[in-house]
Amino acid sequence: MKNPKSDLLQGTLDLLILRTLASGDMHGWGIAQRLQQVSQDVLQVNQGSLYPALYRLEQQGWISSSWGDSENNRRAKFYQLTRSGRKQLAEETATWERVATAVARVLQQA
Amino acid sequence: MTAFTLLRRLRGTIRTRGFEQQMDAELRSHLEFEIEERIRRGASPVEARAAALRTFGSLAQVKDECRDSWGIRTLDALWQDLRYAARNLRKYPSYTALVLLTLALGIGANTAIFSIVHAVLLRALPYASGDRLIEVRQRQPLAGNTEMGLSAKEIEDYRQQTASLDALVEYHLMGFNLLDGAGASRVQTGVVSYNFFDVIGVTPLLGRTFRADDDRKDAPAVLILSYAYWQNALGGDPHVIGRVFHMNDKVHTVVGVLPPVPQYPENNDVYMPVSACPFRSSAMMSEDRTMRMVSAIGRLRPGVGVERARSDLSVVARRMASAYPDAYPAAAGFDVTALTVKDELTKRARPTLLALLATTAFVLLLVCANVANLTIARLVGRARELALRTALGAERGRIARQLLTESTLLSLAGGALGVLLAWLARGLLVAFAARFTPRAGEIAIDGTVLLFAGIVSILTGLAFGLAPAFSRKRDRLDGLRDGPRAIAAPGLRARNALIVAQVAISFVLLIGAGLMVRSFINLARVDTGFTADHVLTMRVSLDFVKYDSEEKRRAFFRPFLDAIERQPGVRSAALSQSFPLDQSTPQWFNTTFSVAGHPALNGQPLPRADFKLASPSYFQTIGMTLLRGRWFTDADDERALAAVVNLSFARHHFGGTDPIGQRVSPDDGKHWITIVGIVNDVKQYGLATKPSDELYVPFVLGGPLSATVLVRTAGDPMASVGAVQAALRGVDPRQPLSEIETLEQVRTSALASPRLTAVLIALFAIVAVVITAAGIAGVVSFSVNQRTTEIGVRMALGATRSAVVGMIVRQGLAPVVAGLAVGAASAALLTRLASTLLFAVEPTDPSTFAAVLGVLTFVAFVACAAPARRAAAIDPMQALRAE
């Protein structure tokens, strides 16, 4: 609330995390890797933003977590999307697309 | 703002150790993944670790941010809401103060009354087996004998044959003179079975309870002291065990002190086992089945209900009646029942307490309605602020939650003030409840009461917070578009509905208060049949052992009475067994008798009446009136027994015939008493109780052990106590005087509890009416403010000022009329429930209803008048220009 700019970035990160988890359960490091991969290294997520975001999303009930073993047998905390998380993802995606289209239109025509 | 500091701490503790450990493990596993990945890409382990740590940044900072985001949705939002609420309330100090005051009154009244109800009606008895205790009662219903004691033989039978009871103990009350170094004092003594305290489940504070060998014949006499007697008479002496006192010419040793629990059946000074009581241990008492002088308290076997015990006892009673037909005449009827001790201890308090609880609940409902009303009014003022917050993106739920946080904060603060009020009033509460029940001493503002106050506060906050929060659902954004006036209509509708509720509740409360006050006035105006002023009463009880024959007692009382009459300031003096409204006389002092020339028909029970002993001067001393015949005199002695009867006796037993000259016999014709006069009825057992049939015989004939001394004085009766004491010392210096009070005090104390109840309910009703009047005035003046322009237009178009006043008053009174109708209907239904509390007034008394209707209409009219006058004073030009 103190800093509207960070609020905006936070919202975007939330959306990206939700989207990433939509393709499967993942631990924090995995999410960061995946974002980096898919965005072809454009989006590099700082741990200082990633984990607070995950905790916040869990508090809101959009994701839930459980401890499990990773593919190389390391204990890790896995996150999964909840039902209300899916709904939130759908809504935010729609909003994002609308805003993105609008911004694109402004950039092209103004 | 200590509540806030508390919350801040709460936030810290909720982030449990589990959270910290999990966060630690998670972040560490992240690092490990990172290191592994770098090694996989070809870095050395040391390099990989250093690089991973570098990209991770400050671990402490990450953790901090994680902690923050974990708390942000729940506690931080609450924290924000609370801070915001507090700031808002500070901005409206008059609203806040008004709301806090009404809430404190409402919640405080409920807390106070609940603390009594909790201690007296709800909590288990403070005895280990409290809920299993019953009292066994016998009656002879056909003979009108409803409360007859039990005899020792009967108790034995019940004890041996009632399977549902695992113990049955006996109790009776005696007054004895207790002598120690300092002098003589009169002690009220409970005479009990040796296992009495073990059965009811009271553990002594000091020493021990009685043992079986204390109850043996010729066992050394022992005493147990009540807590109050130990404290008051012996100064709480810690070494009291083993101390000796002289009673009934025997040495009694103190073996125990009771804890401060309510005593059942009554509060006594000391207790002794059956064997130590000279009266109870006589052969007549232990052998004669009809000497029914003691009470019996039983303990149910675990898991057995009181109904089982009742039917078991009845079986035994039928068996006894057929085995000893002489002791149980069929004509009198005979049955037995059992009542739980818990109900017996509280039966007098129950109706009053429930009525008070209902009253305070109504007051609280009214408070909720009133605060909701104030809150809606304030929300209209805040419409712009709320609309702005909505426009800026505050969620719908968040704003409702904000409003609820404010109302809950208010109600909790009001509740805290209310608890403070209840706590300040606790002394009054105990004094009030003590008039109804021996359990009053248990009243305390304890955990349960605080929990009750907390729950009531929160519910109150929700109740008055929800209405406004939801009434604003639709019009939240309108506030911005049209300015504050656009949302006036829905607010006003809700407020009018609340006025209907307030008026209805006030109606019910006023009716309750009106009925209680009228019933109190009726009670105070009751013709008691005697003159209470300038009469002193006291009791003299002779030493059982020293005065062991009737001759000796007469030799004491005659000179004693003469000595009192010789004292200066004494107009007349009398001796009797009791006096009117005397709380300590048992009600079952009545006897059967036969009338000469009218033998009882076979199978018909004999008539019953109260036989009272009174010296000839008794009637004049308390101002009774001779209706016919003559008083008896000292000349009416054993050779010519004479009696005076009261009007009820004459009516019931002689109907149309003249009782004067008729003879009655209390002992099947062994002695005949001639009726020589008729006196007026007096209220013997209570102001609300019908007079019983009474027959007075000369005091000297009975030769009783104890007597009430009545003295009519020229001046202040209490000033003559010394004179009576001097007279007593002259006759026997070792005799104490007790129960010294004036007849006026006796009469006043008989009125004290109905007066207190009436005053309390009336106070609540007045508070209710004041709150309601303020509510009506508030709504009307609110609507006048909202409609300034409209009224201006009306006046500009030619409406007269009186037409405007009429319109405002009419519209203001509309919800009042609806409320009066609802209130009258509810009151008519509800007051029936309270009919046991009323004396000589119908629950639907038309004049009370009419008076309440008048008062409320008048109050509502006055409440509308001031804002209506303000409306009439509106300057049309100015009102229009302002728009």
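This is a predicted model: local features need pLDDT of at least 70, side-chain atom pairs count only at pLDDT 80 or more; totals for chains, interfaces and linings use all residues.
1. Let me start with the surface. B:Leu101, B:Leu105, B:Leu417, B:Leu420, B:Leu421, B:Trp423 and B:Leu424 make up a nonpolar surface patch, and their accessible area together comes to about 660 Å².

2. The patch draws on two helices: α5 (93-122) and α14 (396-424) of chain B each supply at least two of its residues. Of the contributors, α14(B) gives the most, with five residues.

3. B:Leu105 sits in helix α5 of chain B. Its relative accessible area is 38%, so B:Leu105 counts as partly exposed, a class that lies between the under 20% of buried residues and the over 50% of exposed ones.

4. Now for a residue on the other side of that cut-off. B:Glu135 belongs to strand β1 (residues 133-140) of chain B. This glutamate is buried because its relative accessibility is 6%, and buried means under 20%.

5. What does the side chain of B:Glu135 make a polar contact with? The partner is the side chain of B:Tyr264, at 2.3 Å. Beyond neighbours within four places in sequence, B:Glu135 is in contact with B:Tyr264, B:Ser295, B:Ala296, B:Thr337, B:Ala338, B:Leu339 and B:Val341.

6. Finally, the cysteines. Over all chains, the structure holds zero disulfides.

Terms used
Residues are numbered from 1 along each chain as its sequence is written. Chains are lettered from A and ligands numbered from 1 in the order in which they are written. Side-chain values use heavy atoms; hydrogens and water are left out. Patches are made of residues with over 30% relative accessible area and no salt bridge: like charges are joined within 9 Å, nonpolar side chains (Val, Leu, Ile, Met, Phe, Trp, Tyr) within 5 Å. Accessible areas come from the Shrake-Rupley method with a 1.4 Å probe; for residues, only the protein chains shown count as cover. A salt bridge is a side-chain nitrogen of Lys or Arg within 4 Å of a carboxyl oxygen of Asp or Glu. Helices (H or I, at least four residues) and strands (E, at least two) are DSSP runs, numbered from the N terminus. Buried means under 20% relative accessible area, exposed over 50%, partly exposed in between (1.4 Å probe, protein chains only). A disulfide is a pair of cysteine sulfur atoms within 2.5 Å. A polar contact is a pair of N or O atoms within 3.5 Å; within protein, one must be able to donate a hydrogen and the other to accept it, and residues adjacent in sequence count only if both atoms are side-chain atoms. Contact means heavy atoms within 4.5 Å.
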